[in-house]
Each structure stands twice: as C-alpha cells, then as structure tokens.
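Please read it alongside the structure shown here.

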Amino acid sequence: MTSPKPKSVQTMKPATAAKKLGVPLSATPAEFQASVISRDELNELQSSPPAWLADLRRNGPHTKQVIAAKLRISIAGLLRGGITGPLTTAEIEALKAENPEWLERERSLQAEIRKEALRPKQG
C-alpha cells in the first residue's frame, strides 16, 4: 500500500497575488513585493486584510478594473477618456463630481450595453 503524497503548496508571484487582491503591486509594501505568496496566505489576506491592504482598498491607488467599476464604465472607456494609470479614491470622487463629457458619454454607452445584454435574444 502506498502512502498518500503530501499536498503541495500552491504559490504565486507577488504580481499575481496583488491582481487577485485588486491592488497595484507598486502600492504594496516591499516585503509583499519581495515574497512568494501561498494560496493559504492569499486567502488569509482576503478574509482578514492587514491595515495596509484595507487602506489601499479604501483610499487607493486603485487598478483600472476598480476605477472602471467605481465610475460605472468599461476599462476601454477609461482609456478613451485618457485614464491610463492608477487613481486614488479622492481622484475618482473628483472625477465623478466634475462629470466630464467623456465620462457621461461612457456611462450612457455602458448603460446601453447592459440594457442590450438584458434583452431576450431574438431567434
């Protein structure tokens, strides 16, 4: 009878872990950037985030996926609007308050896309 193989520990690069956490790698602490993160460590970070992660999620800088979601537009819409880098929560709120023409246009475009997706398919 053979003994079961020990379970191997899944690890990931810091960039992958940062992406899964929804934060830019460049904004994470140096020790995070220099380490290999296990699946268990990632789960722990997600379930009970340390102060630095909670602060990043609250104040930013945010990734383009998070920025697009907060502005209710697509990532392509961000690029069309000239947003190519991370933004802080304050910068996102200022953009919402300013409501430039491109943002209004992208929001209406996104609303149309969502409405179209909800329509029943015509066969």
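Just after helix H1, Gly22 takes a positive phi of about 80°. The model is a predicted one. H1 itself covers residues 14–21, and helix H8 covers residues 101–118.

**Helix H1**
- Pro14, Ala17, Ala18 and Leu21 are the buried residues in H1.
- Viewed down the axis of H1, these buried residues fall within an arc of 100°, so they line one face of the helix.
- An α-helix has 3.6 residues a turn, so residues three or four places apart point the same way.
- The cover over the buried residues of H1 includes strands S1 (11–12) and S2 (37–38), together with helices H2 (30–33), H3 (39–47) and H4 (51–59).

**Helix H8**
- With 18 residues at 1.5 Å a residue, H8 should span 26 Å, which agrees with the 26 Å between its end C-alpha atoms.
- Buried in H8 are Trp102, Leu103, Glu106, Arg107 and Gln110.
- Their directions, seen down the axis of H8, fall within an arc of 130°, so they line one face of the helix.
- Glu101 and Lys115, on the other side of H8, are exposed.
- H5, helix H6 (75–80) and H7 are among the elements that cover the buried residues of H8.

**Packing of H5 and H7**
- The axes of H5 (residues 64–71) and H7 (residues 89–98) come within 10 Å and cross at roughly 35°.
- The crossing of H5 past H7 is right-handed.
- H5 contributes Ile67, Lys70 and Leu71 to the contact, and H7 contributes Ile92, Leu95 and Lys96.
- By class, the residues of this contact are 4 nonpolar and 2 charged, with no polar ones.

How values were computed
Residues are numbered from 1 along each chain as its sequence is written. This is a predicted model: local features need pLDDT of at least 70, side-chain atom pairs count only at pLDDT 80 or more; totals for chains, interfaces and linings use all residues. Side-chain values use heavy atoms; hydrogens and water are left out. Axes are lines fitted to C-alpha atoms, for helices over the stretch in contact, and angles run from 0 to 180 degrees between N-to-C directions. Helices (H or I, at least four residues) and strands (E, at least two) are DSSP runs, numbered from the N terminus. A crossing is left-handed if the near helix is turned anticlockwise from the far one by less than a right angle, and right-handed if clockwise. Contact means heavy atoms within 4.5 Å. Ala, Val, Leu, Ile, Met, Phe, Trp, Tyr, Cys and Pro count as nonpolar, Asp, Glu, Lys and Arg as charged, and the others, Gly among them, as polar. Buried means under 20% relative accessible area, exposed over 50%, partly exposed in between (1.4 Å probe, protein chains only). The arc is that of the directions from the helix axis to the C-beta atoms. The expected span of a helix is 1.5 Å times one less than its number of residues.
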